[in-house]
Amino acid sequence: MAATPEPAARLQWLFGAVALPRGWRMGAGPIIAAAVLGLIVLAAIFAPLISPHDPMTMDALQRLKGPSDTYLLGTDAYGRDLYSRVVTGARVSLFIGIGAAFVSVLIGLMIGLVSGFFRLADAVIMRIMDSLMAIPSILLAIALVALNGPSIWSVIIAITIPEIPRVVRLVRSVVLSVREEPYVEAAIALGSSMPKILWQHLMPNTLAPLIVQATYICASAILTEAILSFLGAGVSTEIPTWGNIMAEGRIYFQLKPSLIFWPGLMLSLCILSINLLGDTARDLLDPRLKKREG
Amino acid sequence: MLGYIIRRILAVIPVMVIVAVFVFLLLRLTPGDPAAIIAGDMATPAQLERIRTSLGLNDPLHVQFITWVGLLLQGELGTSLISNTPVTSMIGQRIWPTFNIAVLTIVLSVLIAVPMGVLAAWRHRTWADYAVMAFSVLGFSIPVFVIGYIFIQVFSLELRWLPVQGYKAPSEGLWAFLSRAILPCLTLATIYVALIARMTRASMLEVLGEDYIRTARAKGVAEQIVLFRHALRNAAVPIMTIIGTGFALLIGGVVVTESVFNIPGIGRLTVDAVLARDYPVIQAMILLTSALYVFINLVIDLSYTFFDPRIRY
Amino acid sequence: MKFKNRTFDDAETVLDIRNLTVKLAGNETAEPVLDRVSLKIRAGETACLVGESGSGKSVTSLSVMGLLPKGSLVATGGTIDMDGKDLLTLSPQAMREMRARRISMIFQEPMTALNPVMRVGDQIEEVLDTHARLPGAEKRRRVLDIMDQVHLPEVERIYRSYPHQLSGGQRQRIMIAMALILEPKLLIADEPTTALDVTTQQQILSLIGELQEKHGTAVLFITHDMGVVAEIADTVHVMRLGRIVEQAPVETLLRHPQKDYTKKLLEAVPSLTPRPYQTGEERETVLRVSGLQKIYSTGTIFVRREPTRAATDVAFAVERGRTLGIVGESGSGKSTVARCIMRLIDPTAGEVRVAGKEIATLSRRELRPLRKHIQIVFQDPFRSLNPRWTIGRSLIEGPLNLGEDKRKSLARAAELLALVGLPEDAIGRYPHQFSGGQRQRVAIARAIAMEPDVLVADEAVSALDVSVQAQVLELLDSLQKKLGIAILFITHDLRVAAQICDEVVVMQHGRIVEHDTAWNVLSNPQHAYTRSLIEAAPGRFWDFANFRELRSA
């Protein structure tokens with residue numbers, strides 16, 4: 001115990017008794033998804049190195065060009081290189097996705113733990129969460145961005161606020177079911193303090209579902225960012241994001257569909273990979289599923 | 001049963017109050033001068049003052065709130081900063097296209113998604129299950145406007161089966177309405193179907209593992225009766241819940257879809273308001289859709305009593 | 001003790017299982033779940049399939065019904081012969097037609113075996129809809145008739161009820177009605193009374209016997225309870241690890257068991273004869289409860305309901321080194337009392353004095369240092385240890401809370417593991433690597449680590465197989481002798497109470513109805529309820545461990 005636990009024991013701590021559902025096989029799907037996502041992440045990290053052109057440089061002579069040796073995917077309405085823009089767009093999208101997932105899980109975990117364990121706080125917190133859930137997230141995001149200006153952080157906040165109630169509900173439901181477990185009651189009988197029980201016995205149970213939830217939030221954040229940018233309420237139009245590229249491409253849709261097709265494809269592939277990995281994680285970690293499979 | 005209904009209805013009140021407070025504070029607690037943000041960088045002091053007065057930003061916060069709620073309760077949602085017309089009448093003019101398309105979408109989605117989910121659960125771990133799951137994960141992953149453009153490209157531009165964009169009311173002829181509404185509806189339905197099918201599958205899988213399903217099979221009951229009479233009704237509550245919470249997704253989708261298909265509904269109204277920074281319109285839309293969401297989920301909660309006799313007591 | 005001793009040599013064979021082998025799907029190399037199981041049931045016979053958990057009893061019955069979980073278990077060999085057909089080779093459609101008409105089944109959990117959203121009358125009627133074409137009035141008449149036969153009261157009202165409005169016993173009657181309405185030749189009953197209270201169990205057993213006689217049904221009865229076997233069986237088949245170990249008529253088996261395993265199983269059945277009360281020196285009282293009351297108010301502002309009195313005026317005391325048993329059926333309030341004493345819930349009124357200190361009204365914070373005096377062991381061994389923690393970490397949780405040194409606590413934990421009979425290397429392992437009985441030992445060690453004055457055992461052996469149960473009871477007994485600990489033992493099982501308790505408190509509807517030495521309560525019960533409990537205990541005239549009639553004292 002004192003020594004560093006071996007990796008298997010670490011997994012044990014994180015997920016409890018991990019048992020693969022009977023008959024579960026690692027299909028090709030998750031592997032391909034991981035590979036695709038890996039490539040997108042690499043592209044985002046090394047975007048400046050692999051972009052042949054500056055994604056911002058306009059060239060009035062090269063407007064709406066088709067694919068060529070210099071412009072791999074052609075150019076947009078301002079003569080900017082589409083390929084360089086799509087690659088650079090991955091950076092913002094991934095940053096927003098990961099940022100929103102991280103922030104909402106962190107805040108949601110704290111509120112959820114408190115709400116699940118303290119009855120008095122619970123009633124108030126859950127009413128507030130119900131109300132936040134009632135506000136359609138796209139509209140809230142639109143309003144927040146409209147008021148706070150189009151920055152990456154206001155987009156992250158706008159995405160985070162509607163996600164928090166979902167995380168809170170998840171954490172709370174885990175806490176509510178686990179606090180009835182005899183081992184938690186035994187801990188009470190052993191004189192463990194409430195914060196200790198909350199953190200050492202209850203919190204680890206939320207990690208596995210939270211990891212799954214975080215992947216879904218990440219995917220939906222990337223999607224929401226694209227929608228916001230597409231509606232003109234997202235990140236500043238000067239920054240190339242997948243949503244912005246598509247928003248600008250809208251007008252020329254019938255003329256040059258590739259302005260929507262390529263960023264749309266990248267966006268969809270990225271979200272698809274994240275969702276697939278999330279589903280895989282869920283198959284492995286969801287205790288209800290485990291129960292069902294025996 | 002009556003107790004349950006009254007409790008559910010009363011529970012709506014604090015939720016709506018908190019929504020109202022939240023929406024109210026959204027503008028007032030924004031760092032910086034909200035009037036300046038709304039007016040944009042080029043505004044003159046006179047314009048700023050006009051915005052301040054019309055939003056009542058010069059009064060102390062609690063006075064503002066009381067006035068605001070007072071007007072709200074009279075159905076007064078404010079006046080557009082751009083067109084100077086009352087927001088209520090603006091929404092009134094544009095609500096029908098949205099309403100028609102939303103209702104059509106919900107009906108369509110439920111009719112497609114529930115059988116899909118049942119099939120996937122029944123044929124768990126077969127190609128049918130994998131196909132439904134693949135569709136559902138795709139539905140979650142492709143942005144709604146991309147789906148819209150793909151549909152336009154394929155059905156309108158390539159195959160030329162349907163008009164590209166626009167809207168006609170059902171009163172102008174059923175085909176005129178349907179031919180223009182079907183693509184936006186399918187676009188909107190994609191993510192909704194994905195959501196409901198997924199939940200139906202999960203819920204059915206759980207129920208199919210229950211003891212009473214084994215009992216039904218031990219009675220020799222035919223498989224379709226096991227599925228639809230015994231399992232689906234027990235699986236209904238989570239499915240109904242997701243239909244309700246998914247409504248929020250639908251609203252987001254409406255905003256985008258109406259832009260893509262050029263439909264003069266309240267979604268377009270919102271987008272135009274965002275571009276023009278017409279804050280009263282945005283605010284009214286948030287309040288309206290939240291109230292609608294709460295109402296729909298209330299109806300769904302009450303419908304549980306129909307599916308599950310245990311809730312009646 | 002009177003056993004059934006009919007012979008079935010002339011009776012027609014209803015079901016003939018030969019060399020049935022069941023394996024995990026997609027795993028040819030693993031040990032089979034069922035290994036060449038053969039058994040025969042004749043018309044009117046009650047065949048009991050006994051065994052501990054994991055012996056393959058339920059898999060056998062599900063194989064007969066054709067209800068093995070799809071994709072995880074498959075029958076790979078043997079035949080199941082009924083009506084001249086091999087059930088294993090029937091098409092799904094043909095198998096569906098056999099169910100309810102030729103073979104029926106009832107299950108262990110009446111609470112979950114009925115569809116919660118359908119009226120029970122409709123659920124019975126569905127059997128008729130599936131297998132017979134009858135006019136509406138005739139259908140209804142037959143449903144009401146069978147409901148009458150299973151002795152349900154007010155059949156018209158119950159016909160329209162939902163399962164949650166009925167008691168466990170009533171639900172099991174509905175299940176039986178459903179199973180027998182088409183008068184099948186074979187009824188499979190998979191632990192049908194295990195989840196029920198002992199008085200209800202008695203009623204259900206006699207109901208099954210009555211209907212069996214009336215319709216000449218053969219019954220395959222699956223149970224782990226030797227008492228039930230003694231009461232109802234004609235023939236007994238003992239199973240272990242997927243094989244049939246021994247088959248014999250009931251009296252032969254109980255009097256002259258041949259196989260060691262059968263003997264071991266019978267010897268582990270606790271005797272109903274209580275251990276004699278040792279009068280002795282005055283001992284220190286370590287737990288004193290007086291006037292304890294717990295009221296749950298379930299009403300809301302809109303619905304006024306009678307508050308539930310889970311415990312009323314409960315009073316008793318336990319001395320050092322002694323065991324007090326609280327016995328009662330479900331809903332008697334025995335667990336409520338245990339939880340109040342542990343302050344896992346707050347009593348509405350009354351005093352709880354542990355080691356001389358009143359703890360019923362202390363705040364959680366004030367209580368914490370006093371927790372060491374009283375510890376608890378729960379029923380479910382699979383949920384009472386944190387699955388993410390090593391055994392060592394679980395064992396030192398309490399001592400660390402008391403401010404003990406970690407290294408010292410770990411050393412002590414190793415000693416404790418030896419004390420409860422577990423290997424020392426268990427300390428670095430996780431709960432899932434241990435069996436139920438071993439986990440219960442860990443839970444006991446965890447409680448003992450606090451060096452408490454009182455140990456509360458809340459149904460601590462109820463989830464264990466009978467042989468493991470005996471070992472854990474023995475462990476508790478030896479720990480008590482070594483450490484002089486007082487034990488408050490909560491159980492529904494009179495046999496267990498007889499084994500371990502010095503004194504017994506009998507509870508009903510939240511009140512104590514009888515309180516005396518174990519010897520007096522069991523051999524000379526005063527209260528009618530206590531008497532009915534004892535009378536309902538199956539096999540109460542048989543001394544299983546000694547293979548003979550009970551020599552009544």
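Biologist: What should I know before we start?

Modeller: This is a predicted model, where local features need pLDDT of at least 70, side-chain atom pairs count only at pLDDT 80 or more, and totals for chains, interfaces and linings use all residues. Residues are numbered from 1 along each chain as its sequence is written, while chains are lettered from A and ligands numbered from 1 in the order in which they are written.

Biologist: Which secondary structure does chain A have?

Modeller: Chain A has 12 helices and 0 strands. Helices here are DSSP runs of H or I with at least four residues, strands are runs of E with at least two, and both are numbered from the N terminus. Along the sequence, the pattern of chain A reads α-α-α-α-α-α-α-α-α-α-α-α.

Biologist: Then why is C:A100 called buried?

Modeller: C:A100 has 25 other C-beta atoms within 10 Å, so it is buried. You will find C:A100 in the loop between α2 (92-98) and β6 (103-106) of chain C. Its phi is near 70°, a positive value in a residue other than glycine.

Biologist: And is C:E154 buried or exposed?

Modeller: C:E154 counts as exposed, because it has 9 C-beta neighbours inside 10 Å. C:E154 sits in the loop between α5 (136-149) and α6 (155-159) of chain C. The phi of C:E154 is near 40°, again a positive value in a residue other than glycine.

Biologist: How many residues of chain B are in contact with chain A?

Modeller: 42 residues of chain B are in contact with 38 residues of chain A. Contact means that the C-beta atoms of two residues, placed from the backbone, lie within 7 Å. Among the elements giving two or more residues to that side of chain B are α1 (2-28), α8 (174-208) and α10 (223-261) of chain B. That side divides into 30 nonpolar, 9 polar and 3 charged residues. For these classes, Ala, Val, Leu, Ile, Met, Phe, Trp, Tyr, Cys and Pro are nonpolar, Asp, Glu, Lys and Arg are charged, and the others, Gly among them, are polar.

Biologist: Which helix of chain A gives the most to the side that touches chain C?

Modeller: Across that interface, 21 residues of chain A are in contact with 29 residues of chain C. α8(A) gives the most to the side of chain A that touches chain C, with 7 residues. By class, that side has 11 nonpolar, 7 polar and 3 charged residues.

Biologist: Why are α5(A) and α1(B) called roughly perpendicular?

Modeller: Helix α5 (residues 119-134) of chain A packs against α1(B) at an angle of about 65°, with axes 8 Å apart. Angles of 65 to 115 degrees count as roughly perpendicular, under 35 as roughly parallel, over 145 as roughly antiparallel, and the rest as oblique. The two helices, α5(A) and α1(B), are therefore roughly perpendicular to each other. Residues making the contact include A:R127 and A:I128 of α5(A) and B:V15 and B:F22 of α1(B). By class, this contact has 7 nonpolar, 1 polar and 2 charged residues.

Biologist: How do you know that β1(C) and β4(C) pair?

Modeller: Two strands pair if DSSP finds at least two bridges between them. β1(C) and strand β4 (residues 73-82) of chain C have 7 bridges, in the antiparallel sense. One example is C:I17, whose bridge partner in β4(C) is C:I80. Strand β1 (residues 13-24) of chain C is also joined by 6 bridges to strand β2 (residues 34-42) of chain C, and these run antiparallel.

Biologist: What makes β16 and β20 of chain C edge strands?

Modeller: β16 (374-377) and β20 (511-517) of chain C each pair on one side only. They belong to an open sheet of 6 strands in the order β16-β17-β18-β13-β19-β20 (chain C), with mixed pairing. Within chain C, 4 bridges join strand β13 (residues 323-327) to strand β19 (residues 503-508), which run parallel. There, C:I326 stands opposite C:V505 in β19(C).

Definitions and conventions
Axes are lines fitted to C-alpha atoms, for helices over the stretch in contact, and angles run from 0 to 180 degrees between N-to-C directions. A residue is buried if 20 or more other C-beta atoms lie within 10 Å of its own, exposed if 12 or fewer, and partly exposed in between; C-beta atoms are placed from the backbone.
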